[in-house]
Amino acid sequence: MVDLARKNLLHDKLRFVITVSGVAFAVTLVFVQIGLFLGLLDNATITIERLPADLWVTSKNTPNVDFAHTFPESRLQRVRSIPGVALADNLIVQFMNVQLPSGAEEGTVVYALEDFQRWGFPWKVNKGNVADLKRGPYVFLDESARKRFGPFQVGEYREFLGKRLKIIGESKDARSFTTTPISFVDFQLAQQLSSVLPGKTSYILVKIAPGANLEAVRSEIQRRLPFNDVYTRAEWAKRSRNYWIISTGLGLNMFITVFLGCLVGIVVVAQTLYTSTMEHLKEFGTVKAIGGSNRDIYGILARQATISALVGFALGAIPSYIATQLIAKADLKLIIPTSLGISVFVGTVVMCLAAALISFHKVASIDPALVFRT
């Protein structure tokens, strides 16, 4: 049965190539679309995930980490006085304009803390020492800023809202969903740069003391700050991701693209297997004539579908994994976790078996006497 399945499938090699190409196209499309989707969502929450805060205090109804609203920085003292709070600091997240040497202006997302070293933020540093940000009008730029800002070196100056700041360091992998470059400055310096920031903050980061009850601390913060929202790190990351998925239509776009890719794969496989079945009806009739059952014939078709799935998956997966390195050079992320690879593999097999169902119905009605007809 295995030989018959393979021989029928490979009888017309060009048709087999077309079949696995259709499967490979669907697999590649799913990997790339979902991989880019995961990469964008990773950018949307990477700062949340990298900051070791157990709780985030935000202004009311803040939609995501980039679109922050301000509130009085003095509320930090109420949070610090709560039993169970080991560490709490203000964090500013603010869009600012940067004047480039070319005369053009670009936007940047400024992250400002009183003590970056205490929070291990930014998490990857190529050059410089974040502790030096407290010592003057200094700034750290992420290396990804070169795509928007052009070349820059440590020691050069850039104007943030009209004030010259010296670049004293460079971070790595700090990217936002909007692709706007991220910059890091001291908390008080950020307040001096913008007229709307003096006495204000965007967030309060809270680290819980060992052994303290997180929910009890959160409830107390919420009681003392009724005009703020309080989220765990996981909740805040989920809220930020959901904003981009729902408000931008990103989720729907991904679903439609993946659906169309799978549909193409199913149609190609179904058409090929059905044509192959029609051309080999006498062979299937022979199987029945010598005592084979419908189950045996279904097994042949299932093996053909499985072979198509395995070859097509391999041809689609290999270039997808190679593409992760190529896409990274374009400052994009293509994330293909192991769980996605397993899911796509299972989905590919199921897709091909589903496509073979069309042929199943045809062979079920085969008359064994067909083999004796001329």
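Predicted model: local features only at pLDDT ≥ 70, side-chain atom pairs only at ≥ 80, totals over all residues.
Visitor: What distance separates the C-alpha atoms of N253 and F37?
Guide: N253 lies in helix α9 and is partly exposed, its relative accessible area being 40%. N253 and F37 are 216 residues apart along the chain. Their C-alpha atoms are separated by 9.9 Å.

Visitor: Are helices α2 and α8 oblique or roughly antiparallel to each other?
Guide: Two packed helices are described by the angle between their axes and the distance between the axes. The axes of α2 (residues 13-50) and α8 (residues 233-247) come within 9 Å and cross at roughly 140°. Roughly antiparallel applies to angles over 145 degrees. The two helices, α2 and α8, are therefore oblique.

Visitor: Is the crossing of α2 and α8 left-handed or right-handed?
Guide: The axes of α2 and α8 cross at roughly 140°. As α2 passes α8, the crossing is right-handed.

Visitor: How many salt bridges does the count come to?
Guide: A salt bridge requires a side-chain nitrogen of Lys or Arg within 4 Å of a carboxyl oxygen of Asp or Glu. By this rule, the number of salt bridges is 14.

Visitor: How many residues apart in sequence are the parts that K60 and D229 tie together?
Guide: The side chains of K60 and D229 meet in a salt bridge, with an N to O distance of 3.3 Å. K60 lies in the loop between β1 (55-59) and β2 (71-72), and D229 in strand β12 (residues 228-232), so the parts tied together by this pair are separated in sequence by 169 residues.

Visitor: Which strand contains E106, the salt-bridge partner of R148?
Guide: The closest N and O atoms of R148 and E106 are 3.2 Å apart. R148 lies in helix α5 (residues 146-149), and the pair ties together parts that are 42 residues apart in sequence. Both residues are partly exposed, R148 with a relative accessible area of 30% and E106 with 22%. The strand that contains E106 is β4, residues 105-113.

Visitor: What kind of peptide bond joins F121 and P122?
Guide: Most residues other than glycine have a negative phi, and most peptide bonds are trans. P122 lies in the loop between α4 (116-119) and β5 (125-127). For the bond that joins F121 and P122, omega is about 0°, and the bond is cis.

Visitor: What phi does N61 have, and what phi does L161 have?
Guide: Neither residue is a glycine. N61 is in the loop between β1 and β2 and is exposed at 57% relative accessible area. L161 is in the loop between β7 (157-160) and β8 (163-171) and is partly exposed at 41%. Each phi is positive: about 60° for N61 and about 50° for L161.

Visitor: How far apart in space are F116 and F184?
Guide: F116 lies in helix α4 and counts as buried at 3% relative accessibility. F116 and F184 are 68 residues apart in sequence. From C-alpha to C-alpha, their separation in space is 8.9 Å.

Methods: Residues numbered from 1 in each chain as written. Heavy atoms only, no water. Helix = DSSP H or I, 4+ residues; strand = E, 2+ residues; numbered from the N terminus. Buried < 20%, exposed > 50% of the residue type's maximum accessible area, 1.4 Å probe, protein only. Axes fitted to C-alpha atoms, helices over the stretch in contact; angles between N-to-C directions. Parallel < 35°, antiparallel > 145°, perpendicular 65-115°, else oblique. Left-handed = near helix turned anticlockwise from the far one by under 90°.
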